[in-house]
Amino acid sequence: MSNRAKRIFVLTGAGVSAESGLGTFRDRDGLWARYDPMKLATPAAFARTPREVHAFYNARRAALLRAEPNAAHQALARLEAGLADRGGELFLCTQNIDDLHERAGSRQIVHMHGELLKARCTACKTVNVWRDDLNVTDSCPACQRTGTLRPHVVWFGETPFHLKAINAALLGSDLFVAIGTSGAVYPAAGLVEDANRAGIRTCEINLEPSANAHSFDEARYGPASEAVPNWVAAV
Ligand code: OAD
């Protein structure tokens, strides 16, 4: 079934970048096992302790700049090009805030949880590329105010980006594939049920069955660096 699909919606999560050394959130050694997300990834935490929040994201930004895309990112870039060649389309929606899909060659990506290499001004709302550490003493390049910059990422309690485009693309697809995501965070975790309601085939690619495993028509289990290239070759 999946090898006839032409309009494929792929949702990726931290599992796709795990083998690039960036780690995941909810695995035993994941970020949220070592850090309390309520102290680092909420608007209230940023208002209360901005230096700690900046330090957390600065460390992640530095790790990202040292990381490289892996075979899973590269396979998804090949899939985008291959589908375009046969008149199809890949809609790549990632929960990841890294830029490894872009660096592997993917061209159209929607970052529903934002991007680590960008900073947003809470005053003038301008979004700027930001590759260095971000601090409370930094000024917005657009409006010059100081202390108004925050990581351009979505925190708990905030609405993910691009939800309209995501829903439209999902309903226009003929296959939904979730890769390397635990299915724990909504609305991303609800996309498989939206696909089911619309009669769209669904497939999960993950190290192990996710919280939503029962909702998928097909599953492929294994490390993303092997399972994703195998699936792309089959498509
Ligand atoms: P999670 O950490 O919740 O889930 C990662 C999934 O990847 C798990 O199901 C793992 O089994 C799987 N996994 C681990 N290593 C893998 C590998 N090598 N190959 C394939 N799969 C592997 O991460 P997400 O589902 O992405 O949001 O988390 C969703 C959101 O929760 C994140 O975007 C982030 C976090 O809080 C915000 O910060 C707003």
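Predicted model: local features only at pLDDT ≥ 70, side-chain atom pairs only at ≥ 80, totals over all residues.

## Two helices side by side

Two packed helices are described by the angle between their axes and the distance between the axes. Here, take helix α5, which covers residues 71-85, and helix α9, which covers residues 224-234: their axes sit 7 Å apart, at an angle of about 20 degrees. That angle is under the 35 degrees cut-off, so α5 is roughly parallel to α9. The crossing of α5 past α9 is left-handed.

Who touches whom? On the α5 side, the residues in contact are Ala 71, Ala 72, Ala 75, Leu 76, Arg 78 and Leu 79. They meet Ala 224, Ser 225, Val 228, Pro 229, Trp 231 and Val 232 of α9. Sorted by class, this contact has 10 nonpolar residues, plus one polar and one charged.

## Around the ligand

Next, the ligand. It is surrounded by 24 residues, and the closest are Phe 25, Arg 26, His 113, Thr 181 and Ser 182.

Thr 181 also has an N or O atom in its side chain that is 2.7 Å from an oxygen atom of the ligand. The side chain of Asn 206 has an N or O atom 2.8 Å from a ligand oxygen atom. With Ala 14, it's a backbone N or O atom that lies 2.8 Å from an oxygen atom of the ligand.

Most residues other than glycine have a negative phi, and most peptide bonds are trans. Gln 144 isn't a glycine, yet its phi is positive, at about 70 degrees. You'll find Gln 144 in the loop between β5 (127-129) and β6 (149-153).

Pro 187 belongs to the loop between β7 (175-179) and α8 (191-197).

Notes
Residues numbered from 1 in each chain as written. Heavy atoms only, no water. Axes fitted to C-alpha atoms, helices over the stretch in contact; angles between N-to-C directions. Helix = DSSP H or I, 4+ residues; strand = E, 2+ residues; numbered from the N terminus. Parallel < 35°, antiparallel > 145°, perpendicular 65-115°, else oblique. Left-handed = near helix turned anticlockwise from the far one by under 90°. Contact = heavy atoms within 4.5 Å. Nonpolar A, V, L, I, M, F, W, Y, C, P; charged D, E, K, R; others polar. Near = heavy atom within 4 Å. Polar contact = N/O pair within 3.5 Å; in protein donor to acceptor, adjacent residues only side chain to side chain.
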